[in-house]
Amino acid sequence: MKTRLFFLLAIMLMLVNIMAQPLPMGSSYDRQQLESMIAMPGEFTPLPTADSSFWQDNVPESMRQAYIDEGNALLTATWDSIPQQLFAEYREKGNRNNYEKRLFQRRSQLAVLVMAEIMEHSGRFMPQIANGMRTINNETWWGVPAHYPTNHPMRENQVVELFSSETACLMAWTLYMLRDEIEKTDKTLYQQTLDEINRRMLSPAASHAYDWKRRTSNWNPWICSNWLTCVLLCEANRTRQIDAIMQILVSMETFYNSYPEDGGCDEGPDYWDKAAGSFSECLMLIDKATDGKLTMRHDTKLANMASYIYRTYIGGGYYINFADAHPTVKPHTNILFNFAEYIGDDTMKRYAAYLGKRDSILVEPQKAFKASGNIPQLGRELIFLSRIQQYAAAAPQEPQQQNNWMPGHEVLINQADELLLAAKGGNNGENHNHNDVGNFIIYGNSQPLIIDLGVGAYNDKTFSSHRYEIENTRSAYHNVPIINGEEQQNGSSFGSRNALFNTNGSTTTLTMDIAKAYPTEARVKKWIRTYQQSSSQGITITDDYRLRKFLMPSQIVLICHGKPTLATPGTIRLKSNSGNYELHYDPSELTPDIEKITTLDTSTKNSWKKASIYRILLTINSHAKKGMVTYSITGR
């Protein structure tokens, strides 16, 4: 079935000379037209370079000085070698952090020094910048061990992955912004770095059929945004430039078409920055490189992809953290505002201003810059600073949660009075999947009550066949049933059926059959889970089930933030600093057991500010093959 983009393309081919056209993607686009629109090699000028007075004239002096001060602290920094045994630790011990920390530190130092030089433009930072560039150029490979096929990198195998591409992008922006300064400092360094970008990024990316080119996850736009930057800033050959852009458009099309019309991201809000955010960078680069002739500024689905980040915002810094996401995501102000400017989303601009005020962007911008990724995002920051006057004029406003039903991945977000319910269906083959079909979370006055643990620290199990041995991804540690002793199974065939959303006045209802999320060993025919929320009745969950055979009592799992207390049979008080809340159930139907979860990793504990996390197991008392149990959460 042809996508809307292909339809828009057909219109464009008939109306080539009409001003700004919708961005077509993939092999459907006519090469000659693309050649006629894309800036020639060496002619792409997305921003003023460091020798322009633009930065001194437009960025407030106090902000410029903050970047400069951060650079001053690195004038005597060293560029230590990274022991090769750290690279091997990932496969030998499952540790990816020791090598990554050292790798990211180098790139962070370089990005900070480059920013300081741009803001001051005195040449003071150039010797250290040159030291950093030479050090990085001398690395065998620019990526991280978790993304490399062997224990040690080899010069002849330049795999293009997330952080090798980010490194190339950082180097490309450095060359663009500081070309004259680099050549004055070291006559050979500019060309040497350009050659390394070609050898490590441009050539392998163009010539290898990497699987990320076909992925529907963040890897696709994340790498494509870095690749496209290098193509536009560093590729000198017109044929190779257009060839690469054609490939990038095909990959972008794959990513865009995988998204539902509602713009929902199945990877969760933690990856929005590198998924929809990086996709927007690709679009902005193409828009700029064609002088606005190819654009998606007014695309409805793109607007929905953008707004996902604030539609999943709960309040108090918390987000709906399904999939590999933390409960307290920290979206980066620079990409939020850049994206908002591109599509004209005023709510998103105010949200960016709100986050910027929280993080003192106009006073201490260097702190947010350093935290804008494992490798500080130099290009994003410079584009943001080029719009700093518009940003400063935006009125800060925390987004107010609005009720949303996103049918693409079957995610409901519903606020009624002080209680927020978020529930999901979908399937267990989603990007960054957790086995969590039928899962839900509940917040009271923007504070957690019933939670999703979220993502833990990545290790050698995280993206392996052992992924679902980790508590954070297992259904036994999500708010779903354990049926006949069986947990949910991973895979796209294990999902919900017949999801039905309805709102009637002040009552919102979501119903779905989650039986197919379980393996045959669960012996379950139907498990109809219904969520109902109203201002007067709170939140009620009903599990109506049909088993093929009773093997052992099934259990309802509830993960709680803080220690729940059994008040009376049928009432459990939920711990919260934001109000008084209770879980109600029929003790003739359900028997509770409350246990503290003591095995969570440090990353998960820190996500929840080291609060105690408990699991309630509501055991279904009936041994019948069919039945219905109901439980509810209310204020008191």
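Me: Hey, what covers the buried residues of H5?
Reply: In this predicted model, the cover over the buried residues of H5 includes H6.

Me: And which residues of H5 are buried?
Reply: Leu 86, Phe 87, Ala 88, Glu 89 and Tyr 90 are the buried ones in H5.

Me: Nice. Which residues in H5 and H6 meet?
Reply: On the H5 side there are Leu 86, Phe 87 and Glu 89, and they meet Asn 98, Tyr 99 and Arg 102 of H6.

Me: At what angle do the axes of H5 and H6 cross?
Reply: Roughly 135°, with the axes of H5 (residues 84–93) and H6 (residues 97–120) coming within 7 Å.

Me: What happens just after H5?
Reply: Gly 94 takes a positive phi there, about 80°.

Me: Which non-glycines have a positive phi, then?
Reply: Asp 291 is one of them, with a phi of about 55°. Asn 498 is another, at about 60°. For background, most residues other than glycine have a negative phi.

Me: Where are Asp 291 and Asn 498 found?
Reply: Asp 291 is in the loop between helix H12 (276–289) and strand S2 (294–295), while Asn 498 belongs to strand S13 (residues 497–504).

Me: Buried or exposed, for Asp 291 and Asn 498?
Reply: Asp 291 is exposed, with a relative accessible area of 67%. Asn 498 counts as exposed too, at 68% relative accessibility.

Me: Switching to aromatics. How many aromatic pairs are there?
Reply: The count comes to 27 aromatic pairs. Among them, Phe 54 and Trp 55 are edge-to-face, with 5.0 Å centre to centre and 85° between the planes. Trp 55 counts as buried because its relative accessibility is 0%.

Me: How do the rings of Trp 212 and Trp 227 sit?
Reply: Their centres are 5.8 Å apart and the planes are at 90°, so the Trp 212 and Trp 227 pair is edge-to-face. Trp 212 lies in the loop between helix H9 (189–207) and helix H10 (219–234), and Trp 227 lies in helix H10, so the pair ties together parts 15 residues apart in sequence. Both Trp 212 and Trp 227 are buried.

Me: What lies over the face of Trp 212?
Reply: Lys 213 does, at 5.9 Å from the ring centre. There is also Lys 301, which lies over the face of Tyr 256 at 4.1 Å from the ring centre.

Me: Which residues form an aromatic cluster?
Reply: Phe 87, Tyr 99, Trp 141 and Tyr 148 make up one aromatic cluster.

Me: OK, the core. How many residues are in the largest nonpolar core?
Reply: It has 152 residues, and Ile 197 and Leu 385 are those with the most contacts inside it. Helix H8 (residues 162–185) supplies the largest share of this core, 13 residues. A second, separate core has 41 residues, including Val 524, Leu 558, Ile 572 and Ile 616.

Me: What is Ile 197 in contact with?
Reply: Beyond its neighbours within four places in sequence, the contacts of Ile 197 include Trp 142, Ala 168, Met 171, Leu 175 and Cys 230.

Me: Last one: where is Gly 454 found?
Reply: Gly 454 is in the loop between strand S10 (447–450) and strand S11 (481–482), and counts as buried at 0% relative accessibility. Gly 454 and Ser 603 are 149 residues apart in sequence but 9.9 Å apart in space, C-alpha to C-alpha.

Technical notes
Residues numbered from 1 in each chain as written. Predicted model: local features only at pLDDT ≥ 70, side-chain atom pairs only at ≥ 80, totals over all residues. Heavy atoms only, no water. Core = buried A, V, L, I, M, F, W, Y, C linked by side-chain atoms within 4.5 Å. Buried < 20%, exposed > 50% of the residue type's maximum accessible area, 1.4 Å probe, protein only. Helix = DSSP H or I, 4+ residues; strand = E, 2+ residues; numbered from the N terminus. Contact = heavy atoms within 4.5 Å. Phe/Tyr/Trp six-rings, centres within 6.5 Å; stacked < 30°, edge-to-face > 60°. Lys NZ or Arg CZ within 6 Å of the ring centre and 35° of its normal. Axes fitted to C-alpha atoms, helices over the stretch in contact; angles between N-to-C directions.
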